[in-house]
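Dear colleague,

My notes on it follow directly after the display.

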Amino acid sequence: CEGICYHFFYENNVFKREEVRVLNCSHEEADTKIIFHVCNIIANDSDITVNVRANDTDVFVLLLFHVAQTQSTAKVWMEAGHSYNNTRRYIDISQIINATGRAFVNALPAMHAFTGCDFTAAFLNKGKIKAIKLLESMPSYCACFGKLGETDRVAEAESCTIENFVCNLYGKKRLQNIDKARLQIFEERYR
């Protein structure tokens, strides 16, 4: 509705609508609108429980990051999956934030965007699980991905760490250069 947010409710046998000005926004993506609404809700009531229904990894990553930034004590859940095929799950966002730590949560958005999201293509035959395990196992990766986006330039040290991350993602742990890793993979495959 052109960025206008409405609260719909039923009162005295009448269906009513009222504008919620504080939640009006001009976000183009539904993902970021969801996060904007959740952050606003938990900022105003830290004793609330919020349940977000979504089957999108982007929403999951954004929820983790932004809920952690609010430092609210509200309970935030993400409901994913479907009832018809018994895949419905409730993911405790607050518990994941506490269990994984701030460095990991801060690194997730950049790692997610780098390894493939709604806006970027994924690495060939590489899913999120291996990338997440690498991020968990190497504090230097967390620190590096956590810094991405803070400025409009990537420092040489971060660039080298990201190259090492990609080499490691493809099983070339000893290499620091993506071109050398690509050559080695090519030679192994077409020898």
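In strand E4, tryptophan 77 is the bridge partner of asparagine 51, and valine 76 is the bridge partner of valine 50. Please note that this is a predicted model, in which local features need pLDDT of at least 70, side-chain atom pairs count only at pLDDT 80 or more, and totals for chains, interfaces and linings use all residues. Residues are numbered from 1 along each chain as its sequence is written, and side-chain values use heavy atoms, with hydrogens and water left out.

The sheet

E3 and E4 (residues 75–80) pair in the parallel sense over five bridges; two strands count as paired if DSSP finds at least two bridges between them. Strands (E, at least two residues) and helices (H or I, at least four) are DSSP runs numbered from the N terminus. Three strands make up an open sheet with mixed pairing, in the order E3-E4-E5. Its edge strands, E3 (49–53) and E5 (89–92), each pair on one side only. From one strand to the next, the twist averages 25 degrees.

Helix H1 (residues 30–44) packs on this sheet, touching E3 and E4, and its direction makes about 175 degrees with that of E3. Helix H3 (residues 93–100) also packs on the sheet, where it touches E4 and E5, at about 45 degrees to the direction of E5. For these angles, axes are lines fitted to C-alpha atoms, for helices over the stretch in contact, and the angles run from 0 to 180 degrees between N-to-C directions.

In a regular strand the side chains alternate between the two faces of the sheet. Buried means under 20% relative accessible area, exposed over 50%, and partly exposed in between (1.4 Å probe, protein chains only).

Asparagine 40 is found in helix H1 and is buried, with a relative accessible area of 17%. Leaving aside neighbours within four places in sequence, asparagine 40 is in contact (heavy atoms within 4.5 Å) with Val22 and Leu23.

Helix H5

Helix H5 (residues 128–137) has Ala131, Leu134 and Leu135 as its buried residues. They cover an arc of only 100 degrees around the axis, which puts them on the same side of H5; the arc is that of the directions from the helix axis to the C-beta atoms. These buried residues pack against helices H4 (102–115), H6 (139–147) and H7 (156–169). The face turned away from the buried side carries the exposed residues Ile129, Lys133 and Glu136.

Aromatic rings

The structure holds seven aromatic pairs. Rings of Phe, Tyr and Trp (its six-membered ring) pair if their centres lie within 6.5 Å; planes under 30 degrees apart count as stacked, over 60 as edge-to-face and the rest as tilted. Tyrosine 141 and phenylalanine 165 form an edge-to-face pair, 5.2 Å centre to centre with 90 degrees between the planes. Tyrosine 141 lies in H6 and phenylalanine 165 in H7, so the pair ties together parts that are 24 residues apart in sequence. Both residues are buried. Phe114, Tyr141, Phe145 and Phe165 form one aromatic cluster.

Yours sincerely
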